[in-house]
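Dear colleague,

Please find below the structure I am handing over to you. My notes on it follow directly after.

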Amino acid sequence: MPLPQRTLACGEPRLADVGRTVVLLGWAHKVRDMGGILFVDLRDRTGIVQVVVSPELGADVRTESCLAIVGEVKERDARTKNPGLPTGDVEIVP
């Protein structure tokens, strides 16, 4: 199966991209299972972005898994924004 063409690097999504469907390619830097939802920090050489995945979609995702993500850029809830990351205002939902 051919990989989709990347539309943004992991360090690029911003609030201006909210609502846009993007393709990201990278590695699972960290995977957090919060019971019913997975948070995957997807990384490439440009940075890290958070991907929010249902357990059904992310069942086989492990740290350092190589991933191609097609998803929508969404604004994070004010409580979950991360000012320490350039991409901390947004998350990707496949």
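A polar contact is a pair of N or O atoms within 3.5 Å; within protein, one atom must be able to donate a hydrogen and the other to accept it, and residues adjacent in sequence count only if both atoms are side-chain atoms. The model is predicted, so local features need pLDDT of at least 70 and side-chain atom pairs count only at pLDDT 80 or more, while totals for chains, interfaces and linings use all residues. Residues are numbered from 1 along each chain as its sequence is written, and side-chain values use heavy atoms, with hydrogens and water left out.

The side chains of Asp-44 and Thr-46 are joined by a polar contact of 2.5 Å. A polar atom of the Asp-44 side chain also lies 2.9 Å from the backbone nitrogen of Cys-10. Asp-44 is buried, with a relative accessible area of 11% (buried means under 20%, exposed over 50%, partly exposed in between; 1.4 Å probe, protein chains only).

Cys-10 is likewise buried, at 0%, whereas Cys-66 is exposed, at 63%. How many disulfides are there? The count is zero, a disulfide being a pair of cysteine sulfur atoms within 2.5 Å. The sulfur of Cys-10 has its closest cysteine sulfur in Cys-66, 10 Å away, and therefore too far for a bond.

Beyond its neighbours within four places in sequence, Leu-24 is in contact (heavy atoms within 4.5 Å) with residues including Cys-10, Leu-42, Leu-67 and Ile-92.

Yours sincerely
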